[in-house]
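Visitor: I am new to protein models. Please show me one and let me ask about the words you use.

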Amino acid sequence: MLTESFIASTLSPEKQSNSVLAGIHLHDFQPLPAPKSTFKKSSTNTNCLAVSPSHIFAAQADKAVVHVYSRERNNQEAVVPFPEKIHSLALAGELHGAGTLILGTEGGRVILWELGTGRQVSTPPNHLQPTTCLVVDPNSNFLLSGSTDSNINVWSIPNLLSFSASSASYSGQDLHFAPFRSLLTHRTAITAIVVGHSFSNNNIAVSGSKDNTCIVWDYSSGDELHTFLLPTSPLCLALDPADRAVYAGYEDGSIQLMDFYKEGNMNQSLHDPAAQSAATQPAQSARWSAEVLGSAVLCLQISYDGTSLISGHRDGKVHTWDVARGQFEKQLADFSTPITNLKMLKPSGFPNAPKPALKLHNVVKPRYETFANGDHISAGAPLPSNYTFAAQFTSNFPLPGSDGGASFHEALSHPSFPASFLDEAFAEFSTSQNPRITASDSSDLAELRAQNASLSSHLATAVERQNSAIAEIKERDKEAWRRQKDEDIKAAKKKRRRLRRLNVSEIARKKEMRENVEDGDEAMDQASEGEEDLSSSTDEMLESD
């Protein structure tokens with residue numbers, strides 16, 4: 001039997017109550033709505049919840065910590081601190097069972113945390129204000145980050161996680177931690193971003209802003225496909241599973257439908273150049289509301305088949321909407337605290353459903369300083385020696401989604417080294433030149449040798465200029481030293497003449513006063529009279545030096 005569930009997280013009310021506690025709730029959606037389990041002592045803002053097949057991650061409101069919960073053991077596994085408050089969360093690579101948690105910070109940074117290794121990578125603050133929205137494409141190749149500064153940045157996740165990029169940033173080279181594209185049409189804060197379900201290069205993304213607009217993007221090229229003018233600011237967005245329409249939640253509790261197909265036309269109008277130039281306003285009939293609702297819609301999710309829409313409201317209620325009829329259906333749950341996040345889980349019960357290739361029993365806490373030195377690059381190794389991945393394979397080789405993996409399986413299960421590996425290694429050692437070098441490789445090698453010769457010539461010229469400059473500096477220092485010695489000798493001669501005059505005057509006074517003149521004074525006077533002038537030449541000194 002097909003079973004579908006969702007996870008809802010709540011925010012602590014302003015006035016704390018012992019009977020009302022915020023937390024994370026696992027709730028069945030179909031066949032029968034019913035609560036299943038609850039993780040207490042968690043309070044999250046919007047866009048601050050991420051769910052993997054094995055864990056739940058919740059960034060705590062007004063705190064710089066993330067709570068990690070184990071879905072397998074149904075308990076809290078860890079509390080992970082960070083240097084600044086976290087305003088958004090997203091998960092990349094969760095389809096394979098062990099992914100990368102992406103965090104948006106208060107300072108406008110993006111942090112990537114590899115859950116199976118503990119490696120942490122942080123970007124510079126490319127947003128001027130907090131990063132409040134994060135979304136990852138289905139291939140986990142692109143990341144879109146939105147901020148209250150009205151900008152949306154598009155990142156390449158492989159570039160951010162590349163070891164060569166991280167090492168370049170610490171060796172003074174050019175940083176790779178920068179978005180390769182920015183979407184700058186919105187004028188005020190970004191409230192929500194959703195990405196399409198396509199695995200092709202023509203995937204779309206939809207963003208909502210407080211400027212009362214909703215824009216559809218081709219984020220790979222940066223093209224603005226269409227703009228919807230809304231009557232008020234959208235607080236949250238949900239995209240149809242077939243990318244046919246997008247739904248927006250409003251402050252008054254209503255839902256807005258924005259259809260990507262023209263009426264009576266089976267072709268999507270997003271890629272029609274004639275329809276891209278002019279913004280459109282959705283029809284009033286496409287706005288769904290109910291008299292029983294009046295609380296703001298803080299989060300939206302859509303069911304697996306696209307027939308039901310689930311909304312979380314500020315008053316703590318979770319409601320469902322009938323997409324086909326475009327109207328309110330029923331109330332699913334009441335948690336008494338604001339529902340800030342809803343995450344639909346993948347349905348269970350399909351026959352022969354594929355399982356994730358890896359299972360992560362425990363997350364590895366971030367160890368940023370362990371991989372920040374880049375020593376592995378200087379040593380010529382592709383990975384650092386302390387880079388360890390901890391996970392469990394859930395199936396036999398070849399793994400699902402791999403291209404065979406027979407050689408890898410042979411090497412992994414062999415008691416020592418496979419004979420094919422040894423033969424290949426001996427062949428490489430026995431040949432003086434790699435036989436797989438092609439003509440293009442030879443030309444590249446010749447070009448590199450020419451560049452090395454040119455660099456050697458430039459280096460020799462630079463060394464010669466440096467030696468000449470050093471000799472010139474030494475000569476200037478020697479001349480300055482000679483002048484200083486001459487001045488010192490002149491000062492000494494002047495001092496001796498002054499002392500001699502004083503001595504002569506003292507002897508004359510004693511003779512006039514008929515005082516005894518000591519033999520020492522007479523000897524000093526005679527020595528002063530017979531003293532030769534001090535030489536001001538320093539040539540002999542310089543030669544001895």
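Visitor: What is the mean pLDDT of the protein chain?

Guide: The mean pLDDT is 82, and 81% of the residues reach 70 or more. pLDDT is the predictor's confidence in each residue, on a scale from 0 to 100. This is a predicted model: local features need pLDDT of at least 70, side-chain atom pairs count only at 80 or more, and totals for chains, interfaces and linings use all residues. Residues are numbered from 1 along each chain as its sequence is written, and side-chain values use heavy atoms, without hydrogens and water.

Visitor: Where is the pLDDT below 50?

Guide: Residues 373-379 are one such stretch. Beyond near neighbours in sequence, that stretch has 10 contacts in the model (contact means heavy atoms within 4.5 Å). Residues 432-436 are also below 50, with three such contacts.

Visitor: What makes β4 and β7 edge strands?

Guide: Strands are DSSP runs of E, at least two residues long, numbered from the N terminus. Two strands pair if DSSP finds at least two bridges between them. The open sheet has the order β4-β5-β6-β7, with antiparallel pairing. β4 (44-51) and β7 (75-81) each pair on one side only, so by the pairing rule they are the edge strands.

Visitor: How do you know that β5 and β6 pair?

Guide: Five bridges join β5 (residues 55-60) to β6 (residues 65-70). The rule asks for at least two, so they count as a pair. They run antiparallel. F57 stands opposite V68 in β6.

Definitions and conventions
Helix = DSSP H or I, 4+ residues; strand = E, 2+ residues; numbered from the N terminus.
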